[in-house]
Amino acid sequence: MENITYKSSGVDIDEGNKAVSLIKEKVRKTYDKNVLGDIGNFGGLYTLREFLGMKEPVLVSSTDGVGTKLKIAQMMGIHNTIGIDLVAMCVNDIICQGAKPLFFLDYIATGKLDANKVDDIVSSIANGCKIAGCSLIGGETAEMPGMYSEDEYDLAGFAVGICDKENIIDGSSVKEDDVIIGIASSGIHSNGYSLVRKIFIDHLKWNLNDYIPRLGQTLGQALLRPTKIYVNLINNLLLNYKIKAIAHITGGGIIENIPRVIPEGLSCQIYKNSWERVDIFSLIESLNLIQEDELYRSFNMGIGLAIVVDKNYAKEILDYINTMEKAFIIGKIVKGEKGVILC
């Protein structure tokens with residue numbers, strides 16, 4: 001009679017141990033002085049002693065994934081950047097409240113565990129954490145045969161940050177005539193990929209390995225450009241200027257996200273020709289397959305983060321941002337029903 005083992009059911013504990021061995025040092029390199037304990041504990045430990053001087057410290061948390069951008073990574077067999085996207089989607093949300101990201105946790109679920117693939121993914125998560133200045137203090141890799149095919153995997157990330165309650169950015173001080181500054185994205189970031197696949201793969205039948213001259217790289221490479229992490233920029237900005245509101249341009253695009261951070265009775269007037277288009281968006285627009293409102297509701301259109309500032313300081317703040325990232329004055333706050341007016 002054949003002995004049934006966990007491995008014969010599709011779960012390879014030894015491969016999981018190999019994955020842990022491969023990623024250990026890369027994870028440790030993200031640790032700062034506040035991390036307690038080591039890899040292998042049941043819970044990640046992080047001391048808040050550094051922040052005891054705050055009047056009323058508030059923890060700010062976020063969880064997210066990278067959506068169907070994972071499909072592109074899996075189709076290309078490239079897994080060493082997708083973790084940057086995962087970190088970015090969480091920490092870029094946290095900074096919208098004016099918080100400093102402290103630590104990050106990841107969850108990887110797959111049909112069949114491949115230690116080298118996990119190493120690529122977690123290494124890219126660790127790279128994202130280093131860019132964001134936060135520590136990767138825990139994670140879980142789940143082998144789930146029957147739930148996913150052997151080559152499939154899914155990712156989720158969890159980030160926690162901190163800020164003093166009196167410094168929370170909530171958009172409540174936004175008023176008419178305030179200026180909206182848009183900070184450039186690197187490309188599509190991590191939202192809109194179901195539509196992207198519908199356009200390029202299902203409708204146009206393009207191959208991800210096709211070289212696209214106007215992109216200067218293959219279609220797949222352009223679609224896998226990592227999401228920008230704006231933590232260092234915002235940390236520096238908040239040390240020097242008053243920022244009234246910050247919007248991370250994710251699912252829902254420019255049309256849905258900027259109104260989230262302004263009070264009722266105000267609207268956002270966006271000058272759609274006021275910034276340089278990232279090449280992938282110029283390409284999508286040139287295809288004339290999608291109506292304008294749908295473009296601005298589905299994609300970031302080249303603006304990864306939007307901030308609202310007083311009009312009297314807008315030019316100074318814009319010049320400051322442009323020493324680190326490409327930025328543009330893309331609109332202003334006007335009276336009206338909450339929403340976006342494209343003009």
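Trainee: Is Met301 buried or exposed?
Mentor: Met301 is buried in this predicted model, with a relative accessible area of 0%. Buried means under 20%, exposed over 50% and partly exposed in between, using a 1.4 Å probe and protein chains only.

Trainee: Where does Met301 lie?
Mentor: Met301 sits in the loop that joins helix H10 (292-298) to strand E12 (303-309). Helices (H or I, at least four residues) and strands (E, at least two) are DSSP runs numbered from the N terminus.

Trainee: What's the phi of Met301?
Mentor: Near 55 degrees, which is positive although Met301 is not a glycine. Lys205 is also a non-glycine residue with a positive phi, near 65 degrees.

Trainee: And Lys205, buried or exposed?
Mentor: Lys205 is exposed, at a relative accessible area of 64%. Its loop runs between helix H5 (193-203) and strand E8 (211-212).

Trainee: New topic. How many disulfides are there?
Mentor: Zero, counting a disulfide as a pair of cysteine sulfur atoms within 2.5 Å.

Trainee: What about Cys343, which cysteine sulfur is closest to it?
Mentor: The one in Cys268, but the two sulfurs are 11 Å apart, so that is too far as well. Cys343 is partly exposed, at 42% relative accessible area.

Trainee: Helices next. Which residues of H7 are buried?
Mentor: In H7, which spans residues 231-240, Val231, Leu233, Ile234 and Leu237 are buried. They fall on the same side of H7, because they cover an arc of only 160 degrees around the axis. That arc is taken from the directions of the C-beta atoms as seen from the helix axis.

Trainee: What does UniProt place at residues 58-162?
Mentor: An unreviewed UniProt entry puts the feature "domain: PurM-like N-terminal" there. UniProt positions follow the numbering used here, feature names are shortened, and annotations may be inferred rather than shown by experiment.

Trainee: How much helix and strand over residues 58-162?
Mentor: That stretch is 37% helix and 35% strand in the model.

Notes:
Residues numbered from 1 in each chain as written. Predicted model: local features only at pLDDT ≥ 70, side-chain atom pairs only at ≥ 80, totals over all residues. Heavy atoms only, no water.
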